[in-house]
Amino acid sequence: MLPFFSGASIVATALESSASEAQVAIKTTQSIAFKVNRSDLYRLVVRRDQPFASDSDPAREKRVVEAFVDVLERMSDELRGPLKDDLLSTFQRRVVAEATAEPGEGAKLLTVIDQLALWATRLYEGAPIASAIGIDPAVRGAKSLPLANIAKEDFFAVLSNGFDTMLTLSRHLNFTGHLVLDTTPSAEGFYPWRHSAIAAWTAAGTGRIAVVLNRLGEILIFRDAQLLFARRSGNWHFLTHGSIIRQMGVPKNEDIRKAIYETALDASFARSGACIGVIAAGRIKLAEDMIAATDWLSTGGSNKAKAIARIVNERKFHELDRTLRQELVAIDGATVIDHEGNVVAVGAILKMKGGSTSGGRTAAAKQLALLGLGVKISQDGGISGYRRDSKNPKVEKLAFAVM
């Protein structure tokens, strides 16, 4: 279960429990207690520094823990047998399906996930396959075209591009059709903007779920207009967007924090890499010492600074289209904004403190954390956020990690 939640661990000491207590319960904002069987006299506790989402959030960790307990309870007898290792190797995907689908519908979603996982291992005319399949419970499908039959045909795998076209199935996984979706590059939401049309489709009908396979072999699952799960390098990750935005802390304006997080997702799934920094109120002098004068958009005389200043045109970071934000942060160097959202520098090369042992982007993000917030998006898609340590303002600490 722990790989679903970045930075989580199991507390060494279990809590006493009774048969009357819930199998899964939020104990504090940073801990969830759980047990597999209601009769168990103890509950384990999963904890992390980053707060867990509330029950009102569509992307909430408690739901994943509940699915984990449900799957484990049903498999408990088999896990005592010789097939334990084989069962555990496929355990995560079952949890993903149960946590995403309506009660009793997890097995059907699991079938779709497994189909895209199979396509991820294959090529079509020498190229990796990209596709998207949507499940719409409100639409009747053709009983003569169940997924089990039509997916065997090679052509079916390439009828969707995984971005703005999608194959659709009924609740019972019978084929219903093909959709061409409208894209909105500037759309706000917790998903990579390249998949904005698919994310929007899931919000346009009750119970809609979309499963996407990209050309890197990653599988993404969308529901309620959010990216809920992503499988990378064989591991599933659960994305809790709201808690990450709260963990940023700065700037105080939530719209700016959302824009930073959205852009981090965009850079992550574009695999462009990025480094984003925020200057907190009162830290401008330190920023002037850290960022070269030629990189400041307001005063820099370089061709880069003047060209980007013209493109930004005094708009704040969260007022820019997502497509433009992604292109700006993809420029080598750091993108720096102030606490009001003004774009201070793009592609800035920072004056690093001596003795840094981290990689380039990590070191830059940690340096930017001393200004307020530093976010690193690595080339492999991982997202890490750093802030000043409240006990020692001259030292940075990891505030959050995604994937």
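The model is predicted, so local features are given at pLDDT of at least 70 and side-chain atom pairs at pLDDT 80 or more, while totals for chains, interfaces and linings use all residues. Residues are numbered from 1 along each chain as its sequence is written, and side-chain values use heavy atoms, with hydrogens and water left out.

**Salt bridges**

Side chains of opposite charge can pair when their charged atoms come close. With a salt bridge defined as a side-chain nitrogen of Lys or Arg within 4 Å of a carboxyl oxygen of Asp or Glu, the count comes to 20.

| Pair | Closest N and O atoms |
|---|---|
| Glu21 and Arg43 | 3.5 Å |
| Arg48 and Glu61 | 2.3 Å |
| Asp266 and Arg322 | 2.7 Å |

Helices (H or I, at least four residues) and strands (E, at least two) are DSSP runs numbered from the N terminus. Glu21 forms a salt bridge with Arg43. Glu21 lies in the loop between strand E2 (15–16) and strand E3 (24–28) and Arg43 in strand E5 (residues 42–47), so this pair ties together parts 22 residues apart in sequence. Burial is judged by relative accessible area: buried is under 20%, exposed is over 50%, and partly exposed lies in between (1.4 Å probe, protein chains only). Glu21 is partly exposed at 27%, whereas Arg43 is buried at 4%.

Arg48 forms a salt bridge with Glu61. Because Arg48 lies in the loop between E5 and helix H1 (61–75) and Glu61 in helix H1, the pair ties together parts 13 residues apart in sequence. Arg48 is buried, at 4%, and Glu61 is buried, at 0%.

Asp266 forms a salt bridge with Arg322. Asp266 belongs to helix H8 (residues 254–270) and Arg322 to helix H11 (residues 322–329), so the pair ties together parts 56 residues apart in sequence. Asp266 is buried at 3%, and Arg322 is buried at 1%.

A network of salt bridges links Asp70, Arg74 and Glu98.

**The largest pocket**

On a 1 Å grid over the protein atoms alone, a pocket is an open set of points, where a 1.4 Å probe fits, with protein on both sides within 12 Å along at least five of seven lines; lining residues have an atom within 4 Å of a point. The largest pocket holds about 360 Å³ of space. Of its 17 lining residues, Phe34, Val36, Leu44, Phe68 and Leu72 are the closest to its centre. E5, H1 and helix H3 (91–100) each give two or more residues to this lining, and the largest share, 3 residues, comes from E5.

Terms used. Grid points are joined across faces, edges and corners, and a volume is the space filled by probe spheres set on the points.
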